[in-house]
Amino acid sequence: MSAIETTSLTRRYGRTLALRGLDLRIERGEIFGFVGPNGAGKTTTLRLLAGLLEPTSGEIQLLGERLDTRGRVAQRLVGYMPDFFGVYDDLRVWEYLDFWARCYDLPKFKRRSTVDGLLDLVDLAPKRDALVQTLSRGMQQRLCLAHALVHDPPILLLDEPASGLDPRARVELRELLLALREMGKTILLSSHILSELAEVCSSLGIIQGGKLLASGSLEEVRRQLGAGSRLRIAVRAKASTAVAVVRATPGAGGIVLDQDGHHDMSGPSADRLIEDLADGPTTLLVDWSGDDDGASSLLARLVAASVPVRTFADERNDLEDLFLQLTAAEPEDGEDGPPESRT
């Protein structure tokens with residue numbers, strides 16, 4: 001049973017089609033990165049999953065339960081952290097969380113332990129008695145994440161959680177998300193910065209104009225986007241042997257010699273060029289369509305052939321560049337709601 005599943009999910013704002021037939025499936029325990037440019041439909045999707053909007057058509061299931069029109073299932077199963085969140089400036093940090101614990105009808109005997117546990121989790125215990133308005137942006141982000149966790153939901157929906165954070169705060173947020181996953185939470189977080197998600201997400205979905213363009217694991221998304229890999233192999237000598245081994249390896253494609261400018265190894269003068277440089281350090285750039293096991297096998301073959309390998313690295317095509325190429329031709333008529341609904 002999936003944590004989140006949508007079927008033909010559609011949402012209109014007047015004549016604007018913000019989401020068009022979204023079929024999304026997220027398994028339990030995943031950190032799912034929802035990627036797309038501003039106005040692609042990310043916020044609309046999260047609000048639908050949180051029960052804050054009603055779909056124009058389609059269906060949502062959370063942990064096998066159909067989301068009703070009043071959002072009661074979402075209130076119980078989902079913790080939602082919006083991109084633009086409000087905090088009550090005249091409250092202390094612990095009072096802010098206690099307020100939300102009361103909203104979720106947590107009994108008095110449980111509220112204190114819940115608040116203390118959440119403050120420890122998000123590393124705000126030292127700021128327990130501070131006024132909310134005195135917190136930094138990163139601390140406020142962590143406080144709002146604690147707010148989303150007050151009722152211990154199994155699903156978290158985080159809209160641009162790293163927005164406006166400095167590098168240290170981003171690292172702290174990433175570590176916190178991994179800790180929440182270890183606790184069994186399923187996390188869907190949106191972003192328009194793909195590199196921001198690659199290190200923490202177990203799967204990704206790319207959306208543009210209200211349509212899901214690709215989804216799955218990072219490798220699956222690469223394949224769906226037509227993203228290949230390139231191996232950078234630097235050797236101290238024996239370039240001709242290295243090229244022969246690479247050419248004989250399944251998954252290896254074109255070879256470029258990265259030496260005083262790029263030289264294509266498919267031309268008739270390639271072998272002579274390699275022989276001329278065989279005694280010196282040489283770097284080969286190899287188009288690679290194989291998997292990680294194949295790359296490991298290639299490295300083992302080079303070592304067995306006594307090639308002195310200095311560097312063996314996978315230089316995968318940048319996903320952000322591929323995403324920009326893919327979405328450039330797509331119409332950007334999806335919107336995350338009218339301007340007033342995004343504030």
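**View 1. Glu 5, Arg 25 and Glu 27 form a network of salt bridges.** The model shown here and in the other views is predicted. Across the whole structure, a search finds eleven salt bridges. The network of Glu 5, Arg 25 and Glu 27 is shown here; three pairs follow.

**View 2. Arg 111 and Asp 98 join in a salt bridge.** Their closest N and O atoms lie 3.2 Å apart. Arg 111 belongs to helix 4 (residues 108-121) and Asp 98 to helix 3 (residues 93-103), so the pair ties together parts 13 residues apart in sequence. Arg 111 is buried, at 11% relative accessible area. Asp 98 is buried too, at 12%.

**View 3. A salt bridge connects Glu 172 with Arg 142.** The N to O distance is 3.2 Å. Glu 172 sits in helix 6 (residues 167-182) and Arg 142 in helix 5 (residues 137-148), so this contact ties together parts that are 30 residues apart in sequence. Glu 172 is partly exposed, with 31% relative accessibility. Arg 142 is buried, with 13%.

**View 4. Lys 185 meets Asp 152 in a salt bridge between two loops.** The side chains come to 2.5 Å, N to O. Lys 185 lies in the loop between helix 6 and strand 8 (186-191). Asp 152 lies in the loop between helix 5 and strand 7 (155-159). The pair links distant parts of the chain, 33 residues apart. Lys 185 is buried, its relative accessible area being 5%. Asp 152 is exposed, at 54%.

Definitions and conventions:
Residues are numbered from 1 along each chain as its sequence is written. This is a predicted model: local features need pLDDT of at least 70, side-chain atom pairs count only at pLDDT 80 or more; totals for chains, interfaces and linings use all residues. Side-chain values use heavy atoms; hydrogens and water are left out. A salt bridge is a side-chain nitrogen of Lys or Arg within 4 Å of a carboxyl oxygen of Asp or Glu. Helices (H or I, at least four residues) and strands (E, at least two) are DSSP runs, numbered from the N terminus. Buried means under 20% relative accessible area, exposed over 50%, partly exposed in between (1.4 Å probe, protein chains only).
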